[in-house]
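Morning, everyone. Please have the model up on your screens while I talk.

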Amino acid sequence: MDMTDLARLQEEFKSQLAEVSGPQALENLRVAYLGRKGKLAHLFSEMGTLSREERPKFGELLNQLKRFIERAVSEKEGSVGGVDSDFSYEDPTLPGVPPRLGRLHPITQTIREIGDIFTRLGFEIVDGREIETEFYNFTALNIPLDHPSRDAFDTFYTEQGHLLRSQTSTVQIRVMEKRKPPVRIIAPGKVYRPDEVDASHSFMFHQIEGLMVDDRTTFSDLKGVIHLFLRKLFGNHIEMRFKPHFFPFTEPSVDVDISWGRGWLEILGAGQVHPAVFEAVGYDPKKVQGFAFGLGVERIAMLKYGIKDIRLFFENDLRFLEQF
Ligand code: DAH
């Protein structure tokens with residue numbers, strides 16, 4: 001072992017280093033030369049066999065070679081990356097971090113549940129518009145400009161003469177304008193009213209509109225469909241009653257109540273489609289008949305889940321939402 005061995009070793013290292021193309025190969029090379037059982041460690045351990053005169057000189061050259069290799073390795077790391085970047089001492093047998101599962105909002109769940117019931121009855125789920133005109137929100141629904149019932153459906157207006165729909169009844173008009181009877185649809189969606197927000201009011205909430213029109217769709221069809229729907233939703237043991245009411249777009253009109261035995265709860269509005277509504281969409285009121293209904297989704301969800309404050313639906317508090 002002499003100085004030429006060191007020179008050869010350096011050349012050997014250089015040519016091996018030139019071959020290295022990835023962090024792991026670089027780490028292997030580093031260990032082969034600088035590791036505890038590497039080539040340099042071996043040479044250091046053999047210094048004892050040298051004479052007293054040779055030893056310091058050889059030691060110094062060996063240290064130079066070591067520093068050379070260290071520097072070359074760390075420079076090379078700059079181009080191929082350190083081994084730490086793709087190799088770490090993680091334990092792959094540890095359990096992973098479970099992803100947080102999302103879920104459907106209780107209002108969406110309620111809409112889908114109601115949608116399923118009506119789909120099985122042959123109703124189609126259709127979409128409407130949230131930004132509407134006076135025609136669809138009022139006029140075509142038999143609510144003239146000066147009619148007092150317009151107040152009940154008051155809404156927000158844009159400066160360009162549009163409005164946010166205050167009821168999903170607008171979709172009745174949009175559907176009938178485009179289709180000939182028979183029509184069997186439900187239309188879920190958001191509606192808007194300038195109401196003061198409190199535990200039972202919100203400026204935005206959800207409704208589901210229903211419409212069935214054919215040449216002979218009678219009041220008993222209305223009663224049968226609504227009764228079946230409410231029993232599917234709340235259970236067969238509920239009771240249902242119709243109270244006379246007024247809606248401009250239906251005649252006769254009813255409010256539908258349900259009961260579990262103690263008192264009555266108003267659950268939806270319904271009626272036979274008013275002839276003026278048929279006329280507005282170009283249907284002949286002498287040839288077609290139908291019924292319509294409208295319900296508030298939050299109200300139903302609050303009843304079903306025992307929720308006391310409508311605001312909980314819209315505050316995005318996960319402690320509330322995670323319970324559904
Ligand atoms: N649009 C009514 C409301 O917002 C609900 C309603 C009542 C819809 C009776 C109907 C109906 O289609 O026939 O209060």
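First, the ground rules. This is a predicted model, with local features needing pLDDT of at least 70 and side-chain atom pairs counting only at pLDDT 80 or more, while totals for chains, interfaces and linings use all residues. Residues are numbered from 1 along each chain as its sequence is written, and side-chain values use heavy atoms, with hydrogens and water left out.

Domains, then. The assignment gives domain 1 as 3–85 and domain 2 as 106–321. Those bounds come from an automatic or database domain assignment. The C-alpha centres of domain 1 and domain 2 lie 82 Å apart.

Next, helix 4. Helices here are DSSP runs of H or I, at least four residues, numbered from the N terminus. Helix 4 covers residues 54–80, 27 residues in all. From first C-alpha to last, helix 4 reaches 38 Å, close to the expected 39 Å. That expected span is 1.5 Å times one less than the number of residues.

Which residues of helix 4 are buried? Buried means under 20% relative accessible area, exposed over 50%, and partly exposed in between, with a 1.4 Å probe and protein chains only. The buried set is Phe 58, Gly 59, Leu 62, Leu 65, Ile 69, Ala 72, Val 73, Lys 76 and Val 80. These buried residues pack against helix 1 (3–19), helix 2 (23–34) and helix 3 (39–46), where contact means heavy atoms within 4.5 Å. After helix 4 comes Gly 81, with a positive phi near 90°.

Now the rings. Rings of Phe, Tyr and Trp (its six-membered ring) pair if their centres lie within 6.5 Å; planes under 30 degrees apart are stacked, over 60 edge-to-face, the rest tilted. That rule gives 15 aromatic pairs. Take Phe 135 and Tyr 136: centres 5.0 Å apart, planes at 85°, so edge-to-face. Phe 135 is partly exposed at 33% relative accessibility. Tyr 136 is buried, at 12%.

Tyr 305 and Phe 324 are also edge-to-face, at 5.0 Å and 70°. Tyr 305 lies in helix 10 (297–305) and Phe 324 in the segment after helix 11 (318–321), so the pair ties together parts 19 residues apart in sequence. Ring pairs link Tyr 305, Phe 313, Phe 314, Phe 320 and Phe 324 into a cluster.

Last, charges over rings. The test is NZ of Lys or CZ of Arg within 6 Å of the ring centre and within 35 degrees of the ring normal. Arg 174 sits over Tyr 136, its charged end 3.8 Å from the ring centre. Arg 150 sits over Phe 138, at 4.1 Å.

Key:
Helices (H or I, at least four residues) and strands (E, at least two) are DSSP runs, numbered from the N terminus.
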